[in-house]
Amino acid sequence: MQAGNELYKKSMLKEGSLAGKVAIITGGATGLGKAMAMEFARLGANIVIASRNKENLMKAEEEISKLGTEVLSIQTDVRRPDQVNRMVSTTVDRFGEINILVNNAAGNFRVKSMEMSVNAWNAVINIVLNGTFYCSQAVGKQMAKQGNGGSILNIGSVHAWTGSPLTAHSAAAKAGVLALTKSLAVEWAPHHIRTNMIAPGPIADTGAVTQLWPTPEDAALILNNIPAQRFGHLQEIANLASFLVSDYASYVSGACYVVDGAGWLNKGKYQLEDQ
Ligand code: NAP
């Protein structure tokens with residue numbers, strides 16, 4: 001799976017593929033969210049990034065703006081329906097409509113399930129599952145009102161199927177997001193709204209990887225179970241996301257794409273030492 005020319009690190013769609021679109025990306029100031037925002041901007045979309053940390057938002061806004069389209073950052077906590085509604089109305093005031101929503105914001109941390117507090121459980125469920133629903137509903141209503149449809153992309157995880165010891169809260173929330181993706185794909189098809197999901201494996205240079213597997217030993221253990229023998233690259237997720245939210249994918253809805261170098265199928269049976 002190691003492309004000789006490392007094509008996977010390069011942009012896939014041609015410039016202008018998202019021209020004229022307005023895209024909201026939650027958690028768009030860091031990690032995967034920022035990579036997707038940068039790629040959508042390069043393809044011509046106007047960008048809204050929404051998360052809590054103002055400093056990160058300002059830095060990302062400045063960086064993405066250099067790509068030439070308009071960028072707006074809106075301080076938003078996706079756990080708060082009032083703030084989500086404000087995110088939608090501020091976007092519509094500025095750009096007139098919304099065509100794309102990426103539900104990327106998430107929180108996650110390792111904790112033994114027997115010792116997990118109610119607050120810890122709720123913190124993750126509220127961001128990942130409830131936040132995804134609040135944003136989807138608020139943006140979905142706007143898209144239905146516009147009448148020209150739209151595309152919603154949820155960033156999930158393979159843990160939606162496999163579960164995940166020590167991050168059971170996140171796995172349960174992501175499983176809910178997968179069910180939501182499929183439910184809305186059917187329910188909102190009459191409004192020409194498509195909903196899809198990407199389930200990434202570990203992606204290099206991201207918060208998730210450094211928080212969940214902080215030591216080189218942790219990272220080596222994870223890497224050893226990935227048949228592709230490498231972590232994913234940010235651009236690989238940005239490329240697939242760009243395709244899924246674009247009109248090239250107008251017949252794709254209710255789908256979930258796993259991008260993990262076959263890691264989720266491995267189940268620990270295959271180790272590099274076995275070769
Ligand atoms: P990250 O850099 O930590 O990004 C998470 C983003 O979510 C941050 O920008 C954060 O900003 C935002 N966020 C957290 N709580 C929020 C809230 N209540 N309201 C609004 N925004 C909030 O992590 P990442 O690694 O790029 O992950 C991005 C997505 O990919 C997540 O859905 C994650 O589950 C998924 N994923 C990642 C990997 C990986 O290897 N990186 C693997 C599988 C799945 P603030 O804190 O400023 O709000």
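**Reading the cavity, sheet and helix packing**

Me: How does the lining of the largest cavity divide into nonpolar, polar and charged residues?
Reply: The lining has four nonpolar residues, five polar ones and no charged residues. Here Ala, Val, Leu, Ile, Met, Phe, Trp, Tyr, Cys and Pro count as nonpolar, Asp, Glu, Lys and Arg as charged, and the others, Gly among them, as polar. The model is predicted, with local features needing pLDDT of at least 70 and side-chain atom pairs pLDDT 80 or more, while totals for chains, interfaces and linings use all residues. Residues are numbered from 1 along each chain as its sequence is written, and side-chain values use heavy atoms, without hydrogens and water.

Me: Which residues line the largest cavity, and how much space lies in it?
Reply: A cavity is a set of points on a 1 Å grid over the protein atoms alone where a 1.4 Å probe fits but cannot get out, and lining residues have an atom within 4 Å of a point. Points are joined across faces, edges and corners, and the volume is the space filled by probe spheres set on them. One cavity of 30 Å³ or more is counted, and the largest holds about 30 Å³. T26, V78, N103, N104, A105, I127, G131, T132 and C135 line the largest cavity. Helix α4 gives the most to this lining, with four residues (helices are DSSP runs of H or I, at least four residues, and strands of E, at least two, numbered from the N terminus).

Me: In what order do the strands of the sheet lie?
Reply: The open sheet has seven strands in the order β3-β2-β1-β4-β5-β6-β7, with parallel pairing (two strands pair if DSSP finds at least two bridges between them). The edge strands, β3 (71-75) and β7 (256-259), each pair on one side only. From one strand to the next, the twist averages 15°. Five bridges join β1 (residues 22-26) to β2 (residues 46-51) in the parallel sense, and T26 stands opposite A50 in β2.

Me: How is the packing of α3 and α4 described?
Reply: Two packed helices are described by the angle between their axes and the distance between the axes. For α3 (residues 81-95) and α4 (residues 118-146), the angle is about 35° and the axes are 9 Å apart (axes are fitted to C-alpha atoms, for helices over the stretch in contact, with angles from 0 to 180 degrees between N-to-C directions). Contact (heavy atoms within 4.5 Å) involves P81, V84, N85, M87, V88 and V92 of α3 with Y134, C135, A138, V139 and Q142 of α4. These residues comprise nine nonpolar, two polar and no charged.

Me: Which strands does α4 lie across?
Reply: Helix α4 lies across β1, β4 (100-103), β5 (150-155) and β6 (193-200), at about 175° to β4.

Terms used
1 Å grid on protein atoms, 1.4 Å probe; cavity = no way out; pocket = protein on both sides within 12 Å on 5 of 7 lines; lining within 4 Å.
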